[in-house]
Amino acid sequence: MRLGHLGKIGIGWGIISVLGIGAFVASKQSVDKNRYENMKIRERMRQSNVGHYEVKESRRFDPNPNPTMSMADLNAAQQAKLQLMQEMEIEMMSDLYSRMTQACHKKCIPPKYGDSELGKGESVCIDRCVAKYLEVHERIGKKLTAMSAQDEDLKKKMGV
C-alpha cells in the first residue's frame, strides 16, 4: 500500500503528537517530583523551627550593675569608664558582624551570581554558617569569662 503525500504528513504528525504528549507527561512528572521534594524540604524546615527555644542569658554589658545606684551617683571617672566599655562593646559587635558576613558570604555564595535572589541551598548554608559562627563566639566568650574569673580569684588568693 502506497501512501500519498498527505498520508505521509498525517503519519508524521501522528508520531510527533504521540512523542510530544509523551515528553509532556515525562516533564510534568519530573516537575511534580521536584515540587514534592521541595514541599518535603519546606515542611522539614517549618517543623524544625517549631518548638520551645531556650532563652539564653544576655551577655551584654550592664552599665549599672548595682540597681540601687543611679547613674548620677557615679563619679566622672566611673562614667567615662562605662562609656568606654559601651563603645568597645559596640565596636566588637560591629567587627563580629563584619567578619561573620564576609566569612559566610565567601563560603556560601559563589563569586558569579546566577540569580538576583538567594537560592535555597545558599540560604540554608548562610543560616547554618551564621548559627555556627554565633555559637562559637558565645562559647569563646563564656570560656574567656571563666578564665577571667579564675584569674581574679587567683589574684585575691595571692593578695595582689
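Q: How many residues does α3 have, and how far does α3 reach from its first C-alpha to its last?
A: α3 has 39 residues and reaches 57 Å. That is close to the 57 Å expected at 1.5 Å a residue. The expected span is 1.5 Å times one less than the number of residues in the helix. Helices here are DSSP runs of H or I, at least four residues, and strands are runs of E, at least two, numbered from the N terminus.

Q: What kind of model is it, and how are residues numbered?
A: This is a predicted model: local features need pLDDT of at least 70, side-chain atom pairs count only at pLDDT 80 or more, and totals for chains, interfaces and linings use all residues. Residues are numbered from 1 along each chain as its sequence is written, and side-chain values use heavy atoms, with hydrogens and water left out.

Q: How many helices and strands in the chain?
A: Three helices and zero strands. The order from the N terminus is α-α-α.

Q: What about α2 — how many residues, and what reach?
A: α2 has 33 residues. Its first and last C-alpha atoms are 48 Å apart, close to the 48 Å expected at 1.5 Å a residue.

Q: How do α2 and α3 cross?
A: The axes of α2 (residues 76-108) and α3 (residues 120-158) come within 9 Å and cross at roughly 140 degrees. Axes are lines fitted to C-alpha atoms, for helices over the stretch in contact, and angles run from 0 to 180 degrees between N-to-C directions.

Q: Which residues make the contact?
A: On α2, they include Leu96, Met100 and Cys104; on α3, they include Cys129, Tyr133 and His137. Contact means heavy atoms within 4.5 Å. The contact residues divide into 11 nonpolar, one polar and three charged. Nonpolar covers Ala, Val, Leu, Ile, Met, Phe, Trp, Tyr, Cys and Pro; charged covers Asp, Glu, Lys and Arg; the others, Gly among them, are polar.

Q: Which residues of α2 are buried?
A: Leu82, Glu89, Leu96, Met100, Cys104 and Cys108. They pack against α3. Buried means under 20% relative accessible area, exposed over 50%, partly exposed in between (1.4 Å probe, protein chains only).

Q: And in α3, which ones are buried?
A: Cys129, Glu138 and Gly141. What covers them includes α2.

Q: What share of the chain is buried?
A: Buried residues make up 7% of the 160 residues.

Q: What follows α3?
A: Gly159, with a positive phi near 80 degrees.
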